[in-house]
Amino acid sequence: MSQVSTSPTTAALGAASKPERRDIGLRGRYAAERRFRLYGMAAIAFGLIFLFLLLFSVVSKGYTAFQQSMITIPVEFSEQIIDKDNERATNPQKLVSANYPVVARNALAKVLGVGEDDRAGLRAVNGMISDSVRTQLRDLVTANPSIIGTTQTVTFLAHGDLDSAFKGQIDLAVPENNRKISDKQIGWMNQLAESGALSKHFNTGIFLNGASSRPEAAGVAVAAVGSLYMMLIVLVLALPIGVAASIYLEEFAPKNRFTDLIEVNINNLAAVPSIVYGLLGLAVFVNFAGFPRSASLVGGLVLTLMTLPTIIIATRSALKAVPPSIRSAALGLGASKMQTVFHHVLPLAMPGILTGTIIGLAHALGETAPLLLIGMVAFVADIPSTPLEPATALPVQIYMWANEAERAFVERTSGAIILLLVFLILMNVGAILLRRRFERRW
Amino acid sequence: MNMMSEAAVEKALDKKMNDISYKMIGKDVSVYYGDKRALYDVNLNVRQNTVTALIGPSGCGKSTFLRTLNRMNDTIEGCRVTGRITLDTDDIYDPNIDVVELRARVGMVFQKPNPFPKSIYENVAYGPRIHGLAKAKADMDAIVESSLQKAGLWNEVKDRLLEGGTGLSGGQQQRLCIARAVAVSPEVILMDEPCSALDPIATAKVEELIHELRANFTIVIVTHSMQQAARVSQRTAMFHLGNLVEENDTDKMFTNPDDQRTQDYIMGRFG
Ligand SMILES: Nc1ncnc2c1ncn2[C@@H]1O[C@H](COP(=O)(O)OP(=O)(O)OP(=O)(O)O)[C@@H](O)[C@H]1O
Ligand SMILES: [Mg+2]
């Protein structure tokens, strides 16, 4: 067809009748759009690179925290050491206070062929065993005293320095005196590894143990339980209070100066530095109300205060986004205001409310500063069974481990960060699933 | 049965002809949005079982007047209504009148179809449920079916009652909204340009429906289409700049109006 129209006569006619093409700046507009897309992609690439760097550095440093070197050797529960005078029947305390580290040291010395009078050698052997062996063997013996006098194969934690060395984290080029582990111990390490007595196991301790000054026995259990309590408290308090406040402000409150003032204040509260909430919590909950220090109850209350503005702002904007036609429809049918809100507006706002809540919770989960002020930065070895008992929180645990000098704590710091990230990812996945559920209703 | 005398029957029929029963009476109705006045002392009566059309140029206050009839203006910030409006004998702006009950008696269909994002069944059942009109599931099913039938939608949706109401076409959605309003069994149904988002075929269906609904309901409809006003209504009221210009029988209005402005508007000379 176009072939035909290019014949000389029609072309001339066409040129005469066809309006002149205007320059409406198409080239410029398309160029601007292309430029904008490029900026966008560059921004995303930038973000992804940093995310990748962060993940890479954390994971590459931290994954070893989930492995732990263990020594598996036959241990002789010598009656000579544990209960020389055979008084365990009359004095149960005897089994509790027995010198178990020596039992373990002698067992390892025997495997390594260190003589009983080689005091320096024995000290070096002792330096390869974690102090936590004391409680481990004690628990074994008190649970079953009949093993005294027998020889059992026992698996116990290697000392943190040996663990680091075995994972190749100690620079052997450094002169022996400046190292935490001597050449002799390195030799033994290799010997044990070859015989299979020293091997890496999955580190369950990091999940199950509380605070410990020995890195190989330290875990995040107390911190995780504390964080869990606090998240539950925040969820139980902040979600209903925040949603109720937003519904009242958005749907029922008269629009006047006073409510404007409240709105401005809520927005300001969302921007208050979290450490201020910590001071507030210290003054109100600990000093005034007399709640125990370091308790996750107080931490939860402080984080609730901190999270409320976030939830209120998110909920209000979710409510605002519900089309007014839905409200008119319900009101026009004779639904009361309350029915309109609870039957129609709230379900439609639910995905937005959930997103806001999860973002608020995620913030609260990662919050450290206010918890330091209310004393949650404590050495807590026992897992708290109620929110009134002392606890720490995951980010505080990270902060505390990051301040430790031992090499083995460095990997644990990264390990705890990985756990915190996993928690966050789980929460966000949960939020997405909940959103889906609510959005599936058309 | 008592046999009425010839004369008595005659008289009763006569009375019926002359005695017009008014369902709603508006007296000196003025509406203000903040400082801005949108309606000036409108006196307009709505007759029982009659379709009353409100016409007039854009912004003249038709929707505003319509909303005063079921107090939807209450939901607008800064809106104030003066004057007196009665439904039967009740002053609907009386502080003792419950607005929820009023809206159960005076239903509304909006310009844009606004079904709830729920199933078709739920859309229709919602009103009867909150007003406790159906005790058993079977009662509710019956209400839903008859409402959808009255709205002329039953045959199209009877196999997909549990699907989303927002998945229907625009015209079906509007008829669903009418069914939803009808399900509450109101006495009056207000419709604000119910066909403005519909194609001619859907419009024809809705108009036919309005025609049938007249038997059981009193209807007030806002429309921009002169043809539609002429087709569906018996009485027509013409608004201009917040004033009621003229209210008359539709036939008279479109052939021989009393007011020059009505004539001009109907002839398309302004608006
Ligand atoms: N919510 C409101 N706030 C302030 N002014 C309003 C509001 N609604 C309507 N008005 C004003 O009241 C006057 C009448 O409006 P109304 O909506 O009743 O007109 P209408 O006759 O329905 O017009 P249309 O045919 O365009 O729908 C207009 O001047 C309008 O600007
Ligand atoms: Mg209007």
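1. Let's start with the ligand contact at B:T64: a polar atom in the side chain of this residue sits 2.4 Å from an oxygen atom of ligand 1. Do keep in mind that this is a predicted model, so the distance is a computed one.

2. Two further polar contacts may interest you. The side chain of B:K62 places an N or O atom 2.7 Å from an oxygen atom of ligand 1. For B:Y33, a polar side-chain atom lies 3.5 Å from a nitrogen atom of the ligand.

3. How much of ligand 1 does the protein bury? On its own the ligand exposes 620 Å², and 66% of that is buried by the protein.

4. Around ligand 1 there are 14 residues, and the closest are B:S58, B:K62, B:S63, B:T64 and B:H224.

5. Helix 2 of chain B supplies the largest share, four residues.

6. Now over to chain A. The unreviewed UniProt entry annotates "transmembrane region" at residues 36-59, 228-249, 269-291, 297-319, 340-365 and 416-434 of this chain.

7. Two of those annotated spans are worth a look in the model. Residues 340-365 of chain A are 100% helix and 0% strand, with 34 Å between the end C-alpha atoms.

Definitions and conventions:
Residues numbered from 1 in each chain as written. Chains lettered and ligands numbered in written order. Predicted model: local features only at pLDDT ≥ 70, side-chain atom pairs only at ≥ 80, totals over all residues. Heavy atoms only, no water. UniProt positions renumbered as here; feature names shortened; annotations may be inferred. Helix = DSSP H or I, 4+ residues; strand = E, 2+ residues; numbered from the N terminus. Near = heavy atom within 4 Å. Polar contact = N/O pair within 3.5 Å; in protein donor to acceptor, adjacent residues only side chain to side chain. Areas by Shrake-Rupley, 256 points an atom, 1.4 Å probe, with all protein chains shown as cover.
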